Amino acid sequence: MPEYLNGAVVVGIDGSDATARTVRWAAAEARRRHAELRLVHAIDEEELKFPRTLPLGEGLVEKARTRGHRLLRHARDLVREAEPSVKITAVLGHDRPAPALLAASEDAALLVLGTEQIHALGRVLVGSVSIAVTTHARCPVAVVRPHIAEGEAPEEGPVVVGVDGSRASEAALALAFEEASWRGAPLVALHCWDDTFLAALFAESRTTLDTSDFEEREGEVLAERLAGWQEKYPEVQVERVLTRGRASDELLGYADRARLLIVGSRGRGGVAGMLLGSTSQRVLSAALCPVIVARSQGDGKR
């Protein structure tokens, strides 16, 4: 296993209805990786210590700690039932959830978060903690949400990865091949190109934009990026998809029938200093399958 995949799988435990689904998914991931599973529940003790009127003010921290230990025990029981071979550790943090999870990401191979909110159009709302952690974590972050039909994360379909030739998408490719190999799943490698801006420029000058050269060049980019990985993972069946359009739209079209979607933290058009690109943000907010945001070396440093 590559060095960057060493370390524990860390899963955030918040007591929501999504916790059981998230824990089971994380436990399966830890089993596939032969990794330890670390359960983390965080309590903002300073907030609880803020002066409050009696009787609420008395013993709030202790009550929160008792609840935290109970949630961790329940999560441990879920893991033992679902994946009895997985080694488990439990951590009760004494900080706000986002800082506690970011600290846990320092030596983790993967950080797993859950979300349960689905709005009227059938898409999932990602909370502020998930966005903050995904943006600044030092390891890949998986956000596990319910599939609109089954509730549980899907176990069928391909692993889908976005490829744009950037350093971040190289990290996504590396992780995608590992995940597909672990699962015995086919891999869809999707590369998008968008000529909307150029087409508008040519239209203003009343000339025609020949897209054949673009398509050939972008096809070469995809082939070059996949070549070494396909040799390293000959057991992974790869479908190359070259398409014209907005990357997030195309990825979401595949994600609705995928078991896992993997994207880089930001693409080749990303703004310097921006740790989570627009494509990654939109995919996180709308995909109906688990999403992993892969990180290239140096991402998330503070």
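Colleague: In which sense do strand β2 and β3 pair, and over how many bridges?

Modeller: In this predicted model, strand β2, which covers residues 37-42, pairs with β3 in the parallel sense, and 6 bridges join them.

Colleague: Why are Glu29 and Arg32 separated by about one helical turn?

Modeller: The separation is about one helical turn because the two residues are 3 apart in helix α1, which comprises residues 19-33.

Colleague: Are Glu29 and Arg32 buried or exposed?

Modeller: The criterion for a buried residue is a relative accessible area under 20%. Glu29 has 0% and is therefore buried. Arg32 has 17% and therefore also counts as buried.

Colleague: Which parts of the chain does the pair of Arg183 and Glu29 tie together?

Modeller: Arg183 forms a salt bridge with Glu29, and their closest N and O atoms are 3.0 Å apart. Arg183 lies in helix α6 and Glu29 in helix α1, so the pair ties together parts that are 154 residues apart in sequence. Arg183 is buried, with a relative accessible area of 15%.

Colleague: How does the span of helix α6 compare with the expected one?

Modeller: Helix α6 runs over residues 167-183 and has 17 residues. The distance from its first C-alpha to its last is 25 Å, close to the 24 Å expected at 1.5 Å a residue. The helix is mostly covered, as 13 of its 17 residues are buried. Gly184 follows α6 and has a positive phi, near 65°.

Colleague: Where do Arg138 and Glu106 lie?

Modeller: Arg138 and Glu106 form a salt bridge in which the closest N and O atoms are 3.4 Å apart. Arg138 is in the loop between α5 (128-136) and β5 (141-144), and Glu106 is in the loop between α4 (97-104) and β4 (108-114), so the pair ties together parts that are 32 residues apart in sequence. Arg138 is partly exposed, with a relative accessible area of 33%. Glu106 is likewise partly exposed, with 43%.

Colleague: With which residues is Glu83 in contact, leaving aside its neighbours within four places in sequence?

Modeller: Glu83 has its place in the loop between α3 (60-82) and β3. Its relative accessibility is 13%, so Glu83 counts as buried. Once the sequence neighbours within four places are set aside, Glu83 is in contact with Ala27, Ala28 and Arg31.

Colleague: How far apart are Gln281 and Thr135 in sequence and in space?

Modeller: They are 146 residues apart in sequence and 9.2 Å apart in space, C-alpha to C-alpha. Gln281 is in helix α10, residues 278-286, and counts as partly exposed at 33% relative accessibility.

Colleague: What share of the residues in the chain is buried?

Modeller: Of the 302 residues in the chain, 50% are buried. The chain contains 10 helices and 10 strands. Among its contacts between residues at least 6 apart in sequence, 80% join residues at least 24 apart. The chain exposes about 14800 Å², and carbon and sulfur atoms supply 50% of that area.

Terms used
Residues are numbered from 1 along each chain as its sequence is written. This is a predicted model: local features need pLDDT of at least 70, side-chain atom pairs count only at pLDDT 80 or more; totals for chains, interfaces and linings use all residues. Side-chain values use heavy atoms; hydrogens and water are left out. Helices (H or I, at least four residues) and strands (E, at least two) are DSSP runs, numbered from the N terminus. The expected span of a helix is 1.5 Å times one less than its number of residues. Buried means under 20% relative accessible area, exposed over 50%, partly exposed in between (1.4 Å probe, protein chains only). A salt bridge is a side-chain nitrogen of Lys or Arg within 4 Å of a carboxyl oxygen of Asp or Glu. Two strands pair if DSSP finds at least two bridges between them. Contact means heavy atoms within 4.5 Å. Accessible areas come from the Shrake-Rupley method with a 1.4 Å probe; for residues, only the protein chains shown count as cover.
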